[in-house]
Amino acid sequence: MAAGLCAQVLCSLGAWLSLYTSFCCLNKHRSYEWSCRLVTFTHGVLSIGLSAYIGFIDGPWPFTHPGSPNTPLQVHVLCLTLGYFIFDLGWCIYFQSEGALMLAHHTLSILGIIMALVLGESGTEVNAVLFGSEITNPLLQMRWFLRETGHYHSFTGDVVDFLFVALFTGVRIGVGAHLLFCEMVSPTPKWFVKVGGVAMYAVSWCFMVSIWRFAWKKSIKKYHAWRSKQNEERQLRHNGHLKTH
């Protein structure tokens with residue numbers, strides 16, 4: 001069983017490395033981070049689809065069955081994601097591209113997935129956490145690509161930022177709080193699984209504080225720009241009216 005899990009994780013790691021290498025070859029005029037973020041975007045879309053299918057269709061429902069035995073599909077998805085997180089953590093450490101908070105998030109994710117695979121249980125809630133964590137990832141990568149290509153300061157950039165903040169607040173903080181409550185009151189999950197859930201939710205709140213600060217600053221900047229434009233238009237109308245006399 002352990003050998004099979006290790007083989008799946010190694011195959012996953014090899015697949016993500018191969019995809020990254022392919023992106024690097026196809027985008028030689030771009031930075032290594034460009035290719036890495038393409039891999040991250042791909043994983044985000046794939047993991048959202050798979051974890052949503054597990055949570056909403058295949059089951060079991062994480063809010064009512066935390067700590068339940070892992071299903072074969074959950075194991076496959078967790079191995080796929082574990083290989084990605086090992087790849088991305090190694091990339092971040094090698095290129096020193098992320099701060100301590102992101103490294104802590106990746107480390108906790110790796111430990112949480114390993115814990116669920118070794119125990120053979122709690123894959124249900126770990127899969128739910130994966131869905132909540134990754135649902136905003138494609139938007140985050142789109143924001144970076146828009147900035148890199150000079151299209152961030154546009155209506156598209158504003159829509160991406162709004163959806164990112166709304167989804168992060170509603171799903172990762174709001175729904176995440178309910179999931180954590182269900183995890184804590186259930187007698188089934190192990191105590192250290194619950195501790196891991198608290199740690200992941202605390203990391204989400206650290207991200208949330210930074211995101212709200214960004215959203216507030218951007219909102220104030222947009223408001224001042226709007227006020228300035230309104231004053232300019234009012235001034236032009238006033239001057240035009242004077243000239244007609």
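This report walks through the fold, surface, cysteines, backbone and aromatic rings of the structure above.

## About the model

This is a predicted model, in which local features need pLDDT of at least 70, side-chain atom pairs count only at pLDDT 80 or more, and totals for chains, interfaces and linings use all residues. Residues are numbered from 1 along each chain as its sequence is written, and side-chain values use heavy atoms, with hydrogens and water left out.

## Overall fold

Let's start with the big picture. The protein chain has 8 helices and 0 strands, where helices (H or I, at least four residues) and strands (E, at least two) are DSSP runs, numbered from the N terminus. Its pattern along the sequence reads α-α-α-α-α-α-α-α.

Of the contacts in the protein chain with a separation of 6 or more, 75% are between residues 24 or more positions apart; a contact means heavy atoms within 4.5 Å.

## Surface and charge

Of the 245 residues in the protein chain, 42% are buried. Here buried means under 20% relative accessible area, exposed means over 50%, and partly exposed lies in between (1.4 Å probe, protein chains only). The chain exposes about 13700 Å², and carbon and sulfur atoms supply 70% of that area. Accessible areas come from the Shrake-Rupley method with a 1.4 Å probe; for residues, only the protein chains shown count as cover.

## Cysteines

How many disulfides does a search of the whole structure find? The count is 0, with a disulfide taken as a pair of cysteine sulfur atoms within 2.5 Å. For Cys25, the closest cysteine sulfur is in Cys24, 6.9 Å away, which is too far for a bond. Cys25 is partly exposed, at 49% relative accessible area.

Cys206 is in no disulfide either: its nearest cysteine sulfur, that of Cys92, is 17 Å away. Cys206 counts as partly exposed, with a relative accessibility of 41%.

## Backbone details

Most residues other than glycine have a negative phi, and most peptide bonds are trans. The peptide bond from Gly59 to Pro60 is cis, with omega near 0 degrees, and Pro60 sits in the loop between helix H2 (32–58) and helix H3 (72–95).

Gln96 has a positive phi, near 50 degrees, and is placed in the loop between H3 and helix H4 (100–119). Ser122 also has a positive phi, about 70 degrees, and belongs to the loop between H4 and helix H5 (123–134). Is each of these residues buried or exposed? Gln96 is exposed, at 69% relative accessibility, whereas Ser122 is buried, at 1% relative accessible area.

## Aromatic rings

The count comes to 16 aromatic pairs. Rings of Phe, Tyr and Trp (its six-membered ring) pair if their centres lie within 6.5 Å; planes under 30 degrees apart count as stacked, over 60 as edge-to-face and the rest as tilted. Tyr20 and Phe87 make a tilted pair, 5.5 Å centre to centre with 55 degrees between the planes. This pair links distant parts of the chain, with Tyr20 in helix H1 (residues 2–26) and Phe87 in helix H3, 67 residues apart. Both Tyr20 and Phe87 are buried.

Trp61 and Phe63 form a tilted pair as well, at 5.2 Å and 50 degrees; Trp61 is partly exposed, at 37% relative accessible area. Ring pairs also link Trp16, Tyr20, Tyr84, Phe85 and Phe87 into a cluster.

## Two residues in context

Phe23 is placed in helix H1 and is buried, with a relative accessible area of 17%. Not counting residues up to four places away in sequence, Phe23 touches Ser35, Leu38, Val39 and Thr42.

His65 lies in the loop between H2 and H3 and is partly exposed, at 43% relative accessible area. Beyond its neighbours within four places in sequence, His65 is in contact with Pro60, Thr124 and Glu125. His65 and Glu125 are 60 residues apart in sequence, yet their C-alpha atoms are 8.3 Å apart in space.
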